[in-house]
Amino acid sequence: MIYSNNLRPESLKSLSDVIHIPFWLDDPAKPNPEPPLTQNISTDLLVIGAGFAGLWTALLAKEENPSREVVVLEAGETAIGASGRNGGFMDASITHGFLNGLARWPKEIAALHALGIKNLNEIESTIKRLGIDCDYQLTGEIDIATEPYLLDNFTQFIELAKPYNIDFQYLDQEQLHSVVKSPLFIGGLKRLDSAIVNPAQLSWGLRKACIDLGVRLYENTPVTKLDENDKTVIAHTAHGKARARHVALATNAFPPLLKRISYYVVPVYDYVLMTEPLMPAQRESIGWYGREGLSDGNNQFHYFRTSADGRILWGGYDAVYYWNNGFGSHLENRPASFALLAEHFFQAFPSLDGTRFTHAWGGAIDTCSRFSPFWGTAHHGKTAYTMGYTGLGVGATRFGAQVMLDLLDNKKTERTELEMVRTKPLPFPPEPLRSIGISLSRWSLDQADRNQGHENLWLKTMDWLGLGFDS
Ligand SMILES: Cc1cc2nc3c(=O)[nH]c(=O)nc-3n(C[C@H](O)[C@H](O)[C@H](O)COP(=O)(O)OP(=O)(O)OC[C@H]3O[C@@H](n4cnc5c(N)ncnc54)[C@H](O)[C@@H]3O)c2cc1C
């Protein structure tokens, strides 16, 4: 059965008290901001952006070479971007899922898969080593079928993954209901190499580790322009300049400091709700004590998980692109998306009727046409950048940070030799074609979900071209 988009008044009522702050950032553990930059400084490595990509870059650089001077400039506060407002699903995949990686880089998917597992293991060991309290749990993730054709897809995935020893487990309805009960869920596909985490707490833990190692962090310091001279790149801010031998640009979906990035990345807004903590009887009605990350197997999918204090985070489905790479905090509150999410939530979990949502928020996803990260350099190799994670960067950004450091240090590594790292996604066309193409793709994906997954000519052509739209 597919979700109905008819909004019922009782679903809307559940939203009447929400606050529009990401749940993860509404936390007394949130650190006080570091002061902004108010002087001219110089450094070996300048990192721009204190989300996961920037924080991992700073941490890895400093851990590898403690004498290297590292400065981070952050426009707002640490984790104010996607890193503090995501679902907290930390997947091992660095290719936006095994199937996307297999389709795009069939010759190196085994290596990409192994690098992804290594990356996740190293994140886990770093969290333990640094004692970061961030509710990290290797729970595995289950894709859920709400219609029979998705079960067929799942069995095909298992076959495709077999030669690569990837542990997909098929769950029939009874097995799935022993994990989580919903009248809509008819079966699932479980992967073990996926964790959940409190993303803001992880960001703040990485921030603290950076500061403890001597990284200088300036918050509320937007970089307005980059230029270069022979040996350095100069980052301009309102009240000071930072001169650096190397710059790592980790600005994700934010308006880019390098024009070329705007051809490859479009900001797509994704919306999320968080419930109040469930009462024991409510929890019993749905089970789900294992805290697995869950998501629908459709094109337009919801992702959902539990929090440490027993709430349910429910996000996704509506992915909204705004004209001409529209971006800004005014786009983070979209009542129509919140209403649809609430309606779908009660269809999935009717036994939770009466539950209230406490938080509703949105955030921009750095969508690129191959759904997975890409890298590049500028300023004659003195600047490197990574973005394009397309909604799966909680874990993969650490790998992305390692590649940025390899590129800046001019090191040839297993990572830099990958075709995935050496190539870029196909660029998006300029407006108005950009908006038209994305709207057509969104509409077609919705139609496919309503038509047993059958793709129309537009989607088939996009697939053939290796282009796509996803959140
Ligand atoms: C709603 C939502 C749900 C998601 N769910 C998941 C999920 O469950 N699992 C998953 O793997 N991924 C998810 N993602 C994606 C994931 O959050 C991102 O891929 C990841 O956080 C990207 O990290 P980042 O450091 O590149 O970007 P960000 O966290 O966005 O950090 C970029 C930083 O750069 C700063 N910045 C920008 N411009 C400048 C400038 N000019 N000067 C100084 N600083 C600047 C910004 O202020 C920001 O702090 C989700 C994203 C969203 C929005």
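1. A residue is called buried here when its relative accessible area is under 20%. By that rule, 59% of the 471 residues of the chain are buried. Please keep in mind as you read that this is a predicted model.

2. On overall form, the chain holds 14 helices and 18 strands. Its C-alpha trace spans about 65 × 45 × 45 Å along the principal axes.

3. Now to the inside. The largest nonpolar core has 49 residues, and Leu45, Trp56, Met90, Tyr136, Leu202 and Leu206 touch the most other members. Elements giving two or more residues to this core include strand 1 (41-48), helix 4 (109-130), helix 7 (199-212) and helix 11 (396-408). Helix 2 supplies the largest share, eight residues.

4. Beyond its neighbours within four places in sequence, Met90 is in contact with Leu120, Ile123, Tyr136, Ser194, Ala195, Val197, Leu202, Val394 and Gly395.

5. Another core, of 36 residues, lies apart from the largest one; Phe304, Tyr322, Phe338 and Ala364 are among its members.

6. The accessible surface of the chain is about 19200 Å², with 55% belonging to carbon and sulfur atoms. The chain has 43 positive and 53 negative charges, and their mean positions are 7 Å apart.

Definitions and conventions. Residues numbered from 1 in each chain as written. Predicted model: local features only at pLDDT ≥ 70, side-chain atom pairs only at ≥ 80, totals over all residues. Heavy atoms only, no water. Helix = DSSP H or I, 4+ residues; strand = E, 2+ residues; numbered from the N terminus. Buried < 20%, exposed > 50% of the residue type's maximum accessible area, 1.4 Å probe, protein only. Areas by Shrake-Rupley, 256 points an atom, 1.4 Å probe, with all protein chains shown as cover. Lys, Arg positive; Asp, Glu negative; His and termini not counted. Charge placed at Lys NZ, Arg CZ, Asp CG, Glu CD. Core = buried A, V, L, I, M, F, W, Y, C linked by side-chain atoms within 4.5 Å. Contact = heavy atoms within 4.5 Å.
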